[in-house]
Amino acid sequence: MGGIEMIIMVVVMIGIFYFFMIRPESKKKKKLAEMRSSLSKGDTITTIGGIFGKVVDVSEDKITFETGEDRVRIQVAKWAVSTVGKATEEPAK
């Protein structure tokens, strides 16, 4: 009976690892990939390096965005995008 209990414990441990470590990580990766694939012109982004900007062009694997009022354009790989916020219109003065 000792061998069967050991096998059951190993199966339970594998189940715990799956539900608490592997599954959440794969969900997070899937959500991040979905977010990066849904980028469009006008979205505001933050790169993994901490650069903020507004998307002006999206291609298969690159993003071009403008930073600040000086309108400097930077091109980065899609995987370098950390967060996305939809564009908001500024109120008229």
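Predicted model: local features only at pLDDT ≥ 70, side-chain atom pairs only at ≥ 80, totals over all residues.

Trainee: OK. Is D43 buried or exposed?
Mentor: D43 has a relative accessible area of 3%, so it is buried.

Trainee: Where does D43 lie?
Mentor: In the loop between α1 (2-37) and β1 (44-47).

Trainee: And what lies 3.0 Å from a polar atom of the D43 side chain?
Mentor: The backbone nitrogen of S40.

Trainee: On to β1. Which strands is β1 joined to?
Mentor: Three bridges join β1 to β2 (residues 52-58). Four bridges join β1 to β5 (residues 81-85). Both pairings run antiparallel.

Trainee: Which residues stand opposite T46 and T44?
Mentor: T46 stands opposite F52 in β2. T44 stands opposite G85 in β5.

Trainee: What about the hairpin of β1 and β2: how many residues between the strands?
Mentor: Four, and G50 in that hairpin takes a positive phi near 90°.

Trainee: Which residues make up the largest nonpolar core?
Mentor: Nine of them: M35, L39, I45, V55, I63, F65, V76, A80 and V81.

Trainee: Follow-up on I45. What is I45 in contact with, leaving aside neighbours within four places in sequence?
Mentor: Its contacts include core members L39, V55, I63, F65 and V81. I51, F52, G53, T83 and V84 are also in contact with I45.

Trainee: New topic. How many aromatic pairs does the structure hold?
Mentor: One. The ring centres of Y18 and F19 are 5.1 Å apart and their planes are at 80°, so the pair is edge-to-face.

Trainee: And how exposed is Y18?
Mentor: Its relative accessibility is 39%, so Y18 counts as partly exposed.

Technical notes
Residues numbered from 1 in each chain as written. Heavy atoms only, no water. Phe/Tyr/Trp six-rings, centres within 6.5 Å; stacked < 30°, edge-to-face > 60°. Buried < 20%, exposed > 50% of the residue type's maximum accessible area, 1.4 Å probe, protein only. Helix = DSSP H or I, 4+ residues; strand = E, 2+ residues; numbered from the N terminus. Polar contact = N/O pair within 3.5 Å; in protein donor to acceptor, adjacent residues only side chain to side chain. Core = buried A, V, L, I, M, F, W, Y, C linked by side-chain atoms within 4.5 Å. Contact = heavy atoms within 4.5 Å. Pairing = 2+ DSSP bridges.
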